[in-house]
Amino acid sequence: MKMYLNSSKMLLLTRIALKHAFPKTGLSSYFTKKSTFRIQNVYMYSSKASSSTENVYNNFTDWETLSRKKKVSKAMKAYLERAKEHDEFMKRQQFEFNIGKRHLANMMGEDPETFTQKDVDRAIEYLFPSGIYDPAARPLMKPPEEVFPARKAAEFDEAGRPHHFLFYTGKPNFFKLLYDAAENIQLLHKYEDKVIRKKETPDPNASLDLNASVWLTKDQLEQMLVEAINDLEYDNFKLVMDRLVSLPYSYRCKEFIEKYRKTLSTQRFALEIPKPSYDENGCAFVTTYECLRKKARGDVTIKCPGSGKITINGQDLTYFEDTQSREQVIFPLIFTGMENKVDVVANIEGGGPSGQSGAIRWGIAWGLRSFVDKSMLEAMQVAGLLTRDHRRRERKKPGQPGARKKPTWKKR
Amino acid sequence: MIKRCIAQPVKNAMLFCRSNSVASLPELSEVTHENTKALSTNPLDHPDYFQVHNLFTVKDLFESRVHYGHKEGSLNENMKPYIFGSRQGHLIFDLDITANHLRAALNFAAHIAYRGGIICFFNRNALNAHLVERIAQECGEYAHTRFWKGGIFTNANHQFGAVTRLPDLCIFLNTQNNILSQHTAVRDSAKMLIPTIGIVDSNCSPNLITYPVPGNDDTPIAIELYCKLFKAAIARGKEARMKFLQENN
């Protein structure tokens, strides 16, 4: 028993390690990344998509023949075969995942019965610390149904008749969307005619506010429709939707329109701004640590009722000898108009004057967020004061004098 | 010159049409007499089992402007037999011939529906595309009014990623892809032995169409009429099928 356990553990470890080394290859079955969003959509669209309720004929499946015995079409047979294969595969993956989870629990010294997905994630992070920047490329262990995208269910019935009336276009969901939009446009035209005939005036309050949202991007739309569309088709989508929105009574199709719009995220740093702390004199201050630029590292403290005094490593602004660096440091203060209202204390080390002044500039701007209003915050964002500059020195390349510089080229 | 070119074939066509003019009356009386009996026999033995002849009259066609062809210069040679004449430079279809062809087409569509076939509507005219799609949906059938990707019929397993059943009947409400070229699906259906019904205007070729119906394929009101007729014919076919299945299963 112990032997088995050990070997299985080894297997698990190698699998995880392999995944770690080749994150894109997907060697091990359940260590891959895939979002669950897609899966839900597949289910949403794969069932009978045509919603013609008045159509009594669709309730009827035995279309193939008029004879008594049911005949299953070739298409359905092939689909059933594939579905069976897929089911077996998923069952095997589920089994392997459960065993792997138990081993992981044993390794972590916890009870396998109460080992949840959260514990699994924690264990993987502990056992395989990863410095890979992209979270999607880090090792992970998820249930197989989250890893493998759900297959489209059969798009046709037993007689081989497709469920969707636009099936033969190859992109039924997308063209159904265009069809629905055109249908809505026609309905709105009819409604407008009716209103004009009755000589009514349109309700001024009822209108569609679309300022806070944008159309789904091509990728989002593709994900929603579970179909690949090309640029031209995406342009057509936007064109027809814009036309629908431009109609005077478009608010009547609000539900349909909003399905394909995404709300813009509101001020994203609104929540993260720290409240200033107070020292023994009742003076508000904010300290920003880890102010980085090039090789410079440091922290910046901003005290609010102040006189514009700047202290850098115990010296004043003359710590920097060149004017450019001094300008860099005072730029956020001048931009916000706080140059005489706050005191700045900065400790900085490493790098040269340009890196140090850049680090302080970012630290001051970051700290000032706590003392300025929302409109100024947006202005700072636009001016690029709150953007971190991640650029580092590029290494020298062999065979050339610098990172990019090449020796002088002479033909002969 | 053009008039003279057309005059002779037109005369021939008129003679042909007069001699072959199938007044629906004899059939009608036959059907009404044997109506109850007909339903119990094999539908294929009956000339008009679903009685599609009473779906429309020539007057309906006339009022829906089915008789308007294109200008004389764009005439396709193969469409000559269906032309009645020309008026102010525009060709006029002989609606008696059109009515015969349309009845044959409707009868065929009804039979396909009765047999449980898949019917696909085609139309590349953006003006009428939405109408055609709506009718297809109401019939419980299929529509393709978009750009035709090559190989949907001829390379279906690759296009749809699996074994796929193709339509059993294609109904073209216009057979042209644009004014210059024919719809590729006409050729592909012929290749795959899928029967086709097509509304052919005076500038289209009826050669590859199994059931050509000479008539106006641009005017929305004409397309509306065709759609209404095909919908009715398909509904009759399906009704008969349901009835049959309920009785026999």
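A salt bridge is a side-chain nitrogen of Lys or Arg within 4 Å of a carboxyl oxygen of Asp or Glu. The exercises below apply this to a predicted model, where local features need pLDDT of at least 70, side-chain atom pairs count only at pLDDT 80 or more, and totals for chains, interfaces and linings use all residues. Residues are numbered from 1 along each chain as its sequence is written, chains are lettered from A and ligands numbered from 1 in the order in which they are written, and side-chain values use heavy atoms, with hydrogens and water left out.

**Exercise 1. Describe two salt bridges of chain A, A:Lys218 with A:Asp231 and A:Lys397 with A:Glu394.**

Step 1. Start with the total. The whole structure holds 20 salt bridges over all chains.

Step 2. Take A:Lys218 and A:Asp231. Their side chains meet at 3.6 Å, N to O. The pair links distant parts of the chain, with A:Lys218 in helix H7 (residues 218-225) and A:Asp231 in helix H8 (residues 231-246), 13 residues apart.

Step 3. Compare their cover. A:Lys218 has a relative accessible area of 24%, so it is partly exposed. A:Asp231 is at 52% and therefore counts as exposed.

Step 4. Turn to A:Lys397 and A:Glu394. Here the N to O distance is 3.0 Å. A:Lys397 is partly exposed at 25%. A:Glu394 is partly exposed at 35%.

**Exercise 2. Which residues form the negative surface patch, and which gather in the positive one?**

Step 1. Patches are made of residues with over 30% relative accessible area and no salt bridge; like charges are joined within 9 Å, and nonpolar side chains (Val, Leu, Ile, Met, Phe, Trp, Tyr) within 5 Å.

Step 2. Name the negative patch. Its members are A:Glu81, A:Glu85, A:Asp87 and A:Glu88. A:Glu85 belongs to helix H3 (residues 74-107) of chain A. At 59% relative accessibility, A:Glu85 is exposed.

Step 3. Name the positive patch. A:Lys194, A:Arg197, A:Lys198 and A:Arg252 gather there. A:Arg197 lies in helix H6 (residues 172-198) of chain A. Its relative accessibility is 63%, so A:Arg197 counts as exposed.

**Exercise 3. Sum up chain A as a whole.**

Step 1. Count elements. Chain A has 12 helices and seven strands.

Step 2. Judge the burial. Of its 412 residues, 37% are buried.

Step 3. Look at contact range. Among contacts in chain A between residues at least 6 apart in sequence, 66% join residues at least 24 apart.

Methods. Accessible areas come from the Shrake-Rupley method with a 1.4 Å probe; for residues, only the protein chains shown count as cover. Lys and Arg count as positive and Asp and Glu as negative; His and the chain ends are not counted. The place of a charge is taken as NZ of Lys, CZ of Arg, CG of Asp or CD of Glu. Helices (H or I, at least four residues) and strands (E, at least two) are DSSP runs, numbered from the N terminus. Buried means under 20% relative accessible area, exposed over 50%, partly exposed in between (1.4 Å probe, protein chains only). Contact means heavy atoms within 4.5 Å.
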